[in-house]
Amino acid sequence: MMKKQCVLCIVIVFFFFQYLHPSQAMSLHEKIPNHLGTKDISVSIRDLETGELLYTKNGDIGMKPASTLKLLTSASALHVLGQQHQFATEVYIDGKVNNGELQGNLYVKGKGDPTFQKKHFFQIADILKLLGIYSVRGNLYGDDFYFNGEALSPGVSKEDESFYYASRISALTMSPDGDYDAGTLIVHVIPTSIGNKPIIQTEPNDSGMILLNYAMTVPSNNKNTIEIIRKYHSNEVVISGNIPLGASHKDWVTLYDPTLNTLEALKITLEEEGIAFYETSVVRKSVPKNATLIYRKQSPPLKYINHTFLKLSNNSIADILVKTMGQKVYGNGNFENGLKVIQQYGKDLGLKMEQWKFEDGSGISHYNRTTANELTNLLVKVQEEPFFPIFFSSLPVGGDTNRQIGGSLRERYLGEHLKNRVFAKTGHITGVYTLAGYVKANSGKMYAFAIMTQYQTTNKIKDIDKVVESIIEQY
């Protein structure tokens, strides 16, 4: 009798494990090697078809998401603003034109366009000339009132304020490059001769910033120690350190006041193009009703901007999207209202928004929180959205060294067995390393995953990549 009972138990156990998902039948250490350590880490893996949690470790513990928060910002913006949404920048004039002179004012109105660049300044110069305007005897006004509230998201620290990833957000802004790093200036340092100061060049131009050159050209065998910092709460940029002969150096620095700096950059360009200004002040002012629209520049549709946003983890675009959503839904283009829109979208999508806490759209704040299980929940549910193909194609692709495809994952997953299998958003702020997205396992099946670490004293990127490689191999 005892023997029959034992056989029956074995049969029951056999069938129990047969019908259990393989990941449930294996121990934690067999399925996901403990590469990350045991403290302040979280992992979540879901079946994309059913949404079932296949594996979780600390999956419901609130963690700092860093830039994986952009996944929710992106989905919210594509839903609320629409794939075809375009940002606009407009130019108006008032007064009369006499003998080639505008006896009135020039107005530039912004609606958050991160793609406004110097090439568009040239277009404005051409329009003015077509209208017979070669000089302006009036003021240059900037209308940036489409957005309101704080220019800096709450999570930006005093120490970070100079750096490109912490730029001020204005409805009237410009980008010095094709990455759309809105609200920044590129500074080039070019060596001259030993013992002399290097040449400083800026893109699009100095834009009304004050450049203080304390750098020195040194022999070619010396170390490049150039540092470019904007003084806190100032439009002064200090360039210091040594630049070796034969070397070059460039860096991005944030504009102190994107609205006024954009106007200054435009004014300098117009002057270079032969348009003179007399008795001209550069200030903020709303466009009056009697002004005449002479130029309207529209950005590429959001579906294209979203590509740059996620591939390159662009913080300024994140917070421009937040403010734009606040303006569209509540008529107030500020962080508070934009974040309310994101909260509501998450709730409507079926996320557990009580497990999401955020004070920006970029993930830069250390006060942001969500869980690994909620990140994978988002990744599963967003598949049903009509914009999902755009969302998915905007994710960095592991192992693809083309910057426009691999993005922030272009130097990771380079092994032939790993290339083009990871489609995910990276995240990093001090002590925090995260990754969330989709992975194609050896079975040929795709899974949603999220790996989060915080309060770390060492770089966890390689450890995260080992966990992802384990998912590929084991599932």
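Two strands count as paired if DSSP finds at least two bridges between them. Helices (H or I, at least four residues) and strands (E, at least two) are DSSP runs, numbered from the N terminus. By these terms, strand S20 (residues 422–429) and strand S21 (residues 432–440) run antiparallel and are joined by eight bridges.

The structure is a predicted model, in which local features need pLDDT of at least 70 and side-chain atom pairs count only at pLDDT 80 or more, while totals for chains, interfaces and linings use all residues. Residues are numbered from 1 along each chain as its sequence is written, and side-chain values use heavy atoms, with hydrogens and water left out.

## Overall architecture

The chain contains 13 helices and 22 strands. Its C-alpha trace spans about 115 × 60 × 35 Å along the principal axes. Of the 475 residues in the chain, 55% are buried; buried means under 20% relative accessible area, exposed means over 50%, and partly exposed lies in between (1.4 Å probe, protein chains only). Among contacts (heavy atoms within 4.5 Å) with a separation of 6 or more, 68% are made by residues 24 or more positions apart.

## Strands

S20 is mostly covered, with seven of its eight residues buried.

Elsewhere, three strands make an open sheet in the order S11-S14-S13, with mixed pairing. Strand S11 (210–213) and strand S13 (227–230) stand at the edges with a single partner strand each, so one side of each lacks a neighbour in the sheet. From one strand to the next, the twist averages 20°. S11 pairs with strand S14 (residues 236–240) in the parallel sense over four bridges. Asn213 stands opposite Ile239 in S14.

Two helix pairs are described here. Axes are lines fitted to C-alpha atoms, for helices over the stretch in contact, and angles run from 0 to 180 degrees between N-to-C directions. Angles under 35 degrees count as roughly parallel, over 145 as roughly antiparallel, 65 to 115 as roughly perpendicular and the rest as oblique. A crossing is left-handed if the near helix is turned anticlockwise from the far one by less than a right angle, and right-handed if clockwise.

| Helix pair | Axes come within | Crossing angle |
|---|---|---|
| H5 (residues 118–130) and H6 (residues 258–272) | 9 Å | roughly 55° |
| H4 (residues 70–80) and H8 | 10 Å | roughly 40° |

The axes of H5 and H6 come within 9 Å and cross at roughly 55°, which makes H5 oblique to H6. This crossing is right-handed. On the H5 side, the contact is made by Lys118, Phe121, Phe122, Ile124, Ala125 and Leu128, and on the H6 side by Thr262, Ala265, Leu266, Thr269, Leu270 and Glu272. By class, the contact of H5 with H6 has eight nonpolar, two polar and two charged residues. Here Ala, Val, Leu, Ile, Met, Phe, Trp, Tyr, Cys and Pro count as nonpolar, Asp, Glu, Lys and Arg as charged, and the others, Gly among them, as polar.

For the second pair, the axes of H4 and H8 cross at roughly 40°, and H4 is therefore oblique to H8. H4 passes H8 in a left-handed crossing. Lys70, Thr73, Ser76, Ala77 and Val80 in H4 meet Asn315, Ala318, Leu321, Val322, Met325, Lys328 and Val329 in H8. The residues of this contact divide into seven nonpolar, three polar and two charged.

## An enclosed helix

Helix H10 (residues 372–381) has nine of its 10 residues buried, so it is largely enclosed by the rest of the structure. Among the buried residues of H10 are Ala372, Glu374, Leu375 and Val380.

## Backbone features in loops

Most residues other than glycine have a negative phi, and most peptide bonds are trans. Tyr180, which is not a glycine, has a positive phi of about 60°. Tyr180 lies in the loop between strand S8 (140–143) and strand S9 (184–190), and counts as buried at 16% relative accessibility. Ser313 also has a positive phi, near 55°. The place of Ser313 is in the loop between helix H7 (302–311) and helix H8 (315–330), and at 18% relative accessibility Ser313 counts as buried.

A cis peptide bond, with omega of about 5°, joins Glu203 and Pro204. Pro204 is found in the loop between strand S10 (199–203) and S11.
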